[in-house]
Amino acid sequence: MTPGSRSIFLRLMALSVMASTLISCSSAVVGNGGRICKVNYYHLVPSKPILVMDPAINFERQHLLYGAVTKAEVMNRGGHYYTIDWKVDDRSLPVTVRFEYRQANNGLATKVLEENIDDVGRWNTTKFQVTGDEYNANGRVTSWRVTLLRGKEELVSKSSYLWN
């Protein structure tokens with residue numbers, strides 16, 4: 001495969017991934033007063049560089065590693081990054097975004113990260129990460145669930161395939 005045809009192949013692959021992502025965005029989970037539109041996931045493994053010619057593919061990795069100077073800082077940035085896009089019908093009350101996850105070395109033990117959102121916008125984005133000592137000690141995330149809560153009322157929930 002020549003370098004020119006490899007570049008065309010990589011661009012076609014990136015285009016097909018983008019098209020499938022756009023199609024999958026239409027499968028939002030709608031619940032009782034809320035909607036989780038999309039959960040973007042990125043697994044950063046600093047010890048494995050990505051060897052491609054297209055700089056756009058390396059952007060996410062470089063963005064997450066920006067500012068890490070020493071090898072220890074770079075290794076602590078390794079782990080799982082989740083970006084949740086969501087929306088609620090009633091924006092006047094605060095919302096809690098709960099991220100529950102299980103890791104490879106912990107079996108079925110569930111860990112929880114929560115973020116309280118007081119200023120709810122029309123479209124909202126919340127980010128969670130499992131990195132550093134948590135990731136190094138307990139391994140990769142094997143399953144997850146995202147839930148939007150108002151008080152104790154569950155508005156909507158979306159989970160990974162392996163959550164059950």
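The model is a predicted one. It holds three salt bridges, and its second largest pocket has a volume of about 170 Å³. Side chains of opposite charge can pair when their charged atoms come close.

**Salt bridge between Glu114 and Arg98**

- The side chains of Glu114 and Arg98 form a salt bridge, with an N to O distance of 2.7 Å.
- This pair links distant parts of the chain, as Glu114 belongs to strand β5 (residues 111–117) and Arg98 to strand β4 (residues 95–103), 16 residues apart.

**Salt bridge between Arg145 and Glu100**

- Arg145 and Glu100 are joined by a salt bridge in which the closest N and O atoms are 2.9 Å apart.
- Because Arg145 lies in strand β7 (residues 141–150) and Glu100 in strand β4, the pair ties together parts that are 45 residues apart in sequence.
- Arg145 is partly exposed, with a relative accessible area of 27%.
- Glu100, by contrast, counts as buried, because its relative accessibility of 10% is under 20%.

**Salt bridge between Lys111 and Glu134**

- A further salt bridge connects Lys111 with Glu134, and their closest N and O atoms are 2.4 Å apart.
- Lys111 lies in strand β5 and Glu134 in helix α4 (residues 132–138), so this pair ties a strand to a helix across 23 residues of sequence.
- Lys111 is partly exposed, with a relative accessible area of 23%.
- Glu134 is likewise partly exposed, with a relative accessible area of 27%.

**The second largest pocket**

- Rolling a probe the size of a water molecule over the atoms shows where empty space is left.
- The residues that line the second largest pocket are Tyr42, Ile50, Ala56, Ile57, Phe59 and Glu60.
- By class, this lining consists of five nonpolar residues, no polar residues and one charged residue.
- Glu60 is the charged residue of the lining, because Glu is counted in the charged class.

- Cys37 is located in strand β2 (residues 34–44).
- Cys37 is buried, because its relative accessible area of 12% is under 20%.
- The C-alpha atoms of Cys37 and Ile84 are separated by 7.7 Å, while the two residues are 47 residues apart along the chain.

Notes:
Residues are numbered from 1 along each chain as its sequence is written. This is a predicted model: local features need pLDDT of at least 70, side-chain atom pairs count only at pLDDT 80 or more; totals for chains, interfaces and linings use all residues. Side-chain values use heavy atoms; hydrogens and water are left out. On a 1 Å grid over the protein atoms alone, a cavity is a set of points where a 1.4 Å probe fits but cannot get out, and a pocket is an open set with protein on both sides within 12 Å along at least five of seven lines; lining residues have an atom within 4 Å of a point. Grid points are joined across faces, edges and corners, and a volume is the space filled by probe spheres set on the points. Helices (H or I, at least four residues) and strands (E, at least two) are DSSP runs, numbered from the N terminus. Buried means under 20% relative accessible area, exposed over 50%, partly exposed in between (1.4 Å probe, protein chains only). A salt bridge is a side-chain nitrogen of Lys or Arg within 4 Å of a carboxyl oxygen of Asp or Glu.
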